[in-house]
Amino acid sequence: MVVLETMAAISLVKGAVSAVNAALETADDASGIYNGLDKLFHHREAAEGHITKAKKAKPSRLSQIFSRTTKEDIDDDLSVGAVAAAVLEKKQLDRQIQNLGIRIDNKFGVGTWDEILALRADRIKERDEDRAKSAAAKKAADKDFLDALKRYAKIAGQVILILGGASLAGWLVWVNRCVSGTC
């Protein structure tokens with residue numbers, strides 16, 4: 001199942017590479033291709049193991065060829081054919097992405113692809129830092145809330161103790177008066 005999910009993610013990346021290539025043919029500037037690059041990176045991360053909602057896909061042609069050659073079950077995720085097909089398809093995908101980077105460099109100047117990758121890495125780092133900060137802030141807010149809750153519970157306990165003590169004292173005074181006959 002995992003290999004099939006990986007294959008599905010790889011096919012999504014191939015589609016994204018094709019979309020970016022088509023956008024490169026018609027775009028005059030980088031704004032015409034950024035959506036395709038966004039999808040490309042998203043699908044590539046999914047193909048590298050961050051698959052969250054991949055659906056069962058039809059085995060790829062390469063996987064079918066390996067399974068036929070090795071006479072293994074095509075649905076077996078652990079078969080040599082399925083694993084080899086996934087590895088080879090990922091390498092083909094990496095090659096396509098590398099070629100896409102070369103095309104972007106050719107169209108927009110040498111170093112553009114590296115700049116895109118560096119900027120993306122910086123933004124991912126900033127996003128992760130922001131998430132860490134917000135998680136720390138939430139944790140601090142939760143701790144403050146629990147501390148306040150403990151303080152209020154302690155105060156409520158003290159009030160109940162004082163009221164209970166006052167009630168007991170009043171009851172003792174009343175019982176004492178009734179015993180002496182002045183009730």
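Which side chain meets that of aspartate 128 in a salt bridge?

Author: The model shown here is a predicted one, and in it the side chain of aspartate 128 meets that of arginine 127 in a salt bridge, with 3.6 Å from N to O. Aspartate 128 counts as partly exposed, because its relative accessibility of 38% lies between the 20% and 50% cut-offs. Arginine 127 is likewise partly exposed, with a relative accessible area of 39%.

The stretch around this pair also carries charge of another kind of arrangement, for Asp122, Glu126, Glu129 and Asp130 gather in a patch of negative charge on the surface. Of these, glutamate 126 is found in helix H5, which covers residues 112-180, and glutamate 126 is partly exposed, with a relative accessible area of 48%.

Lysine 138 forms a salt bridge with aspartate 142, where the closest N and O atoms are 3.2 Å apart; both residues lie in helix H5, four residues apart, which is about one turn of the helix. Lysine 138 is exposed, since its relative accessible area of 52% is over the 50% cut-off, whereas aspartate 142, at 37% relative accessibility, counts as partly exposed. Lysine 143 forms a salt bridge with aspartate 147, and here the closest N and O atoms are 3.1 Å apart. Because lysine 143 and aspartate 147 are four residues apart in helix H5, they are separated by about one helical turn, and aspartate 147 is partly exposed, with a relative accessible area of 28%.

Leaving aside neighbours within four places in sequence, threonine 112 is in contact with Ile104 and Asp105.

To set this part within the chain, there are five helices and zero strands, and buried residues make up 23% of the 183 residues. The chain exposes about 13000 Å², of which carbon and sulfur atoms supply 60%. Among the contacts with a separation of 6 or more, residues 24 or more positions apart account for 67%.

Definitions and conventions
Residues numbered from 1 in each chain as written. Predicted model: local features only at pLDDT ≥ 70, side-chain atom pairs only at ≥ 80, totals over all residues. Heavy atoms only, no water. Patch = residues over 30% accessible without salt bridge, like charges linked within 9 Å, V, L, I, M, F, W, Y side chains within 5 Å. Areas by Shrake-Rupley, 256 points an atom, 1.4 Å probe, with all protein chains shown as cover. Salt bridge = Lys/Arg side-chain N within 4 Å of Asp/Glu carboxyl O. Lys, Arg positive; Asp, Glu negative; His and termini not counted. Charge placed at Lys NZ, Arg CZ, Asp CG, Glu CD. Helix = DSSP H or I, 4+ residues; strand = E, 2+ residues; numbered from the N terminus. Buried < 20%, exposed > 50% of the residue type's maximum accessible area, 1.4 Å probe, protein only. Contact = heavy atoms within 4.5 Å.
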